[in-house]
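Welcome, and please open the model in your viewer. We will go from one selection to the next, with a note on what is there.

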Amino acid sequence: MLDLVSEPVWIFDIDRKHVHWANKAALQVWSAPTLAELCGRDMGRDMSESVARRLAQYQSDFIAMAASFNEQWTLYPGGKPLSLTVKFSAHRLDDGRMAMLCEARPAAAHTPESLRSVEALLHTAAMISLYGTRGEALYRNPAARASVRTLDEPLAQRIVDPLEHQALLAALQAEGSATRTLAVHTQQGERWHEISARRCRDAVTGQDAMLVSEVDISAIKRTEAHANFLAMHDPLTGLPNRAQVMLRFAEGMQRIRDAGLQAALMFIDLDHFKDINDTLGHAAGDRLLVQVAERLRSAVRTSDLVARLGGDEFLILLVSTDILAEVDVVRTRLAQSVAEPVVLDSGVEVRITPSMGVSLFPQDGQDFETLLRSADLAMYDAKEAGRNGVAFFAPRMSQAVHQRMTLEAELRRALQRQEFELHYQPIVDVPSNRVVGTEALVRWRHPSRGLVMPDAFIPLCESTGLICELGAYVFEQAAHQQVRWREAGHDLLVSVNLSARQFAHPRLLQDMAAALQASGCSASRLQVEITESMLLGRDERVLGLLLEMRAMGMAIALDDFGTGYSNLAYLQRYPISTLKIDRSFIQSIDANRPLAELIVSMSRLMRLAVVAEGVETAEQLAWVAGRGIEHYQGYLFSKAVPVAAFDALLAAHAPA
Ligand code: C2E
Ligand code: MG
Ligand code: MG
C-alpha cells in the first residue's frame with residue numbers, strides 16, 4: 001500500500017543509523033537503485049554531531065509522548081537539491097525498539113515550523129552567515145547584516161587576527177565544526193564574538209559551504225578583562241600591584257640569568273606620609289599618592305616596572321647590564337622628582353621625600369619574596385639614616401629588624417613598668433637671664449642600657465601608636481610637676497611636645513582634661529608644642545582640637561620653626577601663641593640671616609612670643625638679644641636635666 005503512495009515514506013532506524021524500509025518514491029529521493037542498497041547505507045558516516053543529537057532527542061520524545069515533528073530538509077539526489085518538508089513520527093520496530101517514520105512532502109507547502117523558523121532566523125540576535133568554500137558570503141540573517149562592515153565581506157576580513165582565521169579553518173577541516181572566541185571587525189568597531197562554524201552544504205547549489213553563527217560577548221570579555229586588571233593592579237594609582245611584580249619577576253628571572261643581566265628591586269617608602277594622612281585627611285593623601293605614582297613612572301624607562309605595594313610603599317624593578325649605575329641614575333631622578341612640591345586641591349603645597357631600599361638579583365636573594373624582604377629592610381636602614389636617602393641591602397639588616405621588634409616589645413613593657421621619666425630644660429628670659437619656663441623632654445631609663453634619648457624610641461612609638469599612651473603619661477607627669485614647682489614658689493610655664501599621631505587619638509582632649517584635674521594644674525601654665533607638618537592640611541579637625549586646647553586655657557607653641565615649610569600663613573589661621581625658632585637657624589645664623597630676621601620681625605607683627613632653641617654660645621645669645629627675642633633655650637644655660645638638678649638650677653638663679 002505504501003509503495004503506491006506517491007510521496008516518499010521511509011522508516012529510519014535511529015539506533016543503527018540505517019534506513020529500515022522505504023517506498024518507491026523514497027528510493028527516488030535517496031537516489032537508491034534498490035531498497036537493499038538504501039538499507040545497506042551507513043547514514044551515520046556523514047551525519048553531523050548536531051543531527052545525531054537531534055535524532056536521539058526525537059527518539060526519546062517519541063517514547064515519552066507519541067509526538068511528531070516537521071523539518072525542512074534539503075537532500076541532493078543525483079547532486080540536485082530537493083527541498084522537502086519531512087514529518088517524523090514514532091514507529092516501533094518488530095523487536096520493540098523505537099524507530100522513526102518519515103513522510104516527505106515537497107517543501108513548497110509552508111508548514112508552521114518553516115514559517116516560524118524563518119521568523120526566528122530573521123529576529124534572532126545571533127548573527128548567522130553562510131559562506132562558500134572560498135569564504136565568500138552567500139547569506140546573512142539581519143543580525144549579521146547589521147554587524148558586518150560590507151555585505152560581501154569574506155570571513156577572512158571579518159576576523160581581526162589572520163592566524164586565528166586560519167586556525168578556525170583548520171579546526172573546521174579536521175573536525176567539521178569549531179567554536180572560538182575571537183576579535184572581529186564590525187560596524188560598531190572591534191568586538192569580541194563567540195563564533196561557531198560548521199561545515200554544511202548550500203541548499204541552493206548543493207556545494208560545500210560553511211555556516212557561521214556569532215554571538216557578541218564583548219560585555220563578558222570586558223568584565224573578565226576588568227577583573228583581570230583589578231587582580232593585577234592597584235585601583236588607586238593604576239600601577240601594577242605586588243602580584244604582578246611577582247609574576248613578571250618569576251617570568252623574567254630565567255631570562256635575566258641566561259642573558260647575564262642583573263636586576264634590582266627598589267623599595268620606596270614616602271617619608272612622613274602618615275603625618276599628611278593624619279592632618280590633611282585620606283582624600284588628600286590619596287591624591288598625593290597618585291601624583292607620586294606618576295612621578296615614579298616617568299623617572300624610569302618604559303621597560304622598568306613600577307608598582308604600588310599599598311599604603312605609601314612603591315616598588316621598582318630594574319633590569320640592566322650595569323645595575324649599580326642604573327640604580328644610581330634612577331634614585332637621583334627619583335629624589336629630585338618626588339621631592340618637587342605637590343599642590344593639593346585645597347591649595348596646600350606639600351613636599352614629600354622618598355626613602356629607598358635596594359636589593360640586587362641574584363646576590364641578595366634568589367626569589368621574589370626574599371628580595372622584597374631584603375629591599376624592605378634596606379629601606380628601613382635608609383629611614384634610620386635620616387630619611388630621603390637610599391640604602392643597599394646588607395645581611396646585618398636582618399638583625400636590625402629583629403632588634404626593632406625587640407625594641408617595640410621592650411617599649412610596651414617600659415610603659416607598664418614606668419621606665420619613662422621626664423627631664424626638664426629651662427626656658428630663659430633673655431634680658432633678665434631668669435628661668436621662666438621649661439620644656440619637658442622624655443627619657444627612657446632602660447634597665448640595662450641606661451638613659452635612652454627620645455630620638456632612639458619616639459619614631460618607633462609614633463609608627464606603632466604607642467606615642468598616644470606615652471604622650472598621655474608625659475602630659476600627666478608634667479602637669480603634676482608644674483604644681484610641685486608652683487607650690488615651691490616657682491610659677492613656671494611647662495611645655496610638652498605632641499606628635500601628629502596624638503591628634504588622631506580620640507581621647508586626646510579627655511586625657512588632658514583629666515590630667516589637669518587630677519594634678520590641680522592650671523591649664524594656663526601648660527603649653528603644648530606642635531610642629532608645622534601637623535598644620536599642613538588646614539585640617540578642620542586639627543584646627544578644632546587646637547581651638548579647644550586654647551579654650552581650655554593652654555598656650556600653643558610651634559616647635560622647630562624654620563626646618564619645614566616655614567609658612568607664616570599658618571600662624572594666622574591657627575591659635576598659636578609662641579614660635580620656637582629651630583636650633584639650626586640659631587647655630588648657622590650667618591647662612592640664614594635674611595630668613596631668620598624675617599621670621600623674627602613677622603612674629604613681632606603677629607604678636608607671637610619667640611623662643612630661640614639650641615643656644616650654645618655667647619655669640620648666639622648676643623644675636624638673639626640683638627633681635628629682641630625674649631626667650632631662649634640651650635646648652636649655654638643648661639641641658640635638659642632631672643627634676644632634682646632643675647631644682648638646683650632654680651635655686652642658683654633665684655632673684656637675690
Ligand atoms: P624638641 O622638642 O625640638 O626638643 C629640643 C631638643 O633639642 C631636645 O632634644 C633638647 O635636648 C635639644 N637641645 C636643647 N638645647 C640644645 C642645644 O643647645 N644644642 C643642641 N644640640 N641640642 C639642644 P631631646 O631631648 O633629645 O629631644 C629630641 C626630640 O624628641 C624633641 O625635639 C621632641 O621632638 C622629641 N620629644 C622629646 N620628648 C618628647 C615627648 O614627650 N613627646 C614627643 N611627642 N616628643 C618628644
Ligand atoms: Mg619641643
Ligand atoms: Mg624643637
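Start by selecting R443 and ligand 1: a polar side-chain atom of R443 lies 2.8 Å from an oxygen atom of the ligand. This is a predicted model, where local features need pLDDT of at least 70 and side-chain atom pairs count only at pLDDT 80 or more, while totals for chains, interfaces and linings use all residues. Residues are numbered from 1 along each chain as its sequence is written, chains are lettered from A and ligands numbered from 1 in the order in which they are written, and side-chain values use heavy atoms, with hydrogens and water left out.

Then pick D560, with a polar side-chain atom 3.0 Å from an oxygen atom of ligand 1. Taken alone, ligand 1 exposes 790 Å², and the protein buries 85% of that (Shrake-Rupley accessible areas, 1.4 Å probe).

Now show everything around the ligand.

Zoom out and colour by domain: domain 1 is 2-115, domain 2 is 124-222, domain 3 is 235-394 and domain 4 is 406-652 (bounds from an automatic or database assignment).

Finally, select domain 1 and domain 2, whose C-alpha centres are 30 Å apart. Five residues from domain 1 and six from domain 2 make the contact (heavy atoms within 4.5 Å). What is the count of salt bridges between domain 1 and domain 2? It is zero (Lys or Arg side-chain nitrogen within 4 Å of an Asp or Glu carboxyl oxygen).

Note on methods. A polar contact is a pair of N or O atoms within 3.5 Å; within protein, one must be able to donate a hydrogen and the other to accept it, and residues adjacent in sequence count only if both atoms are side-chain atoms.
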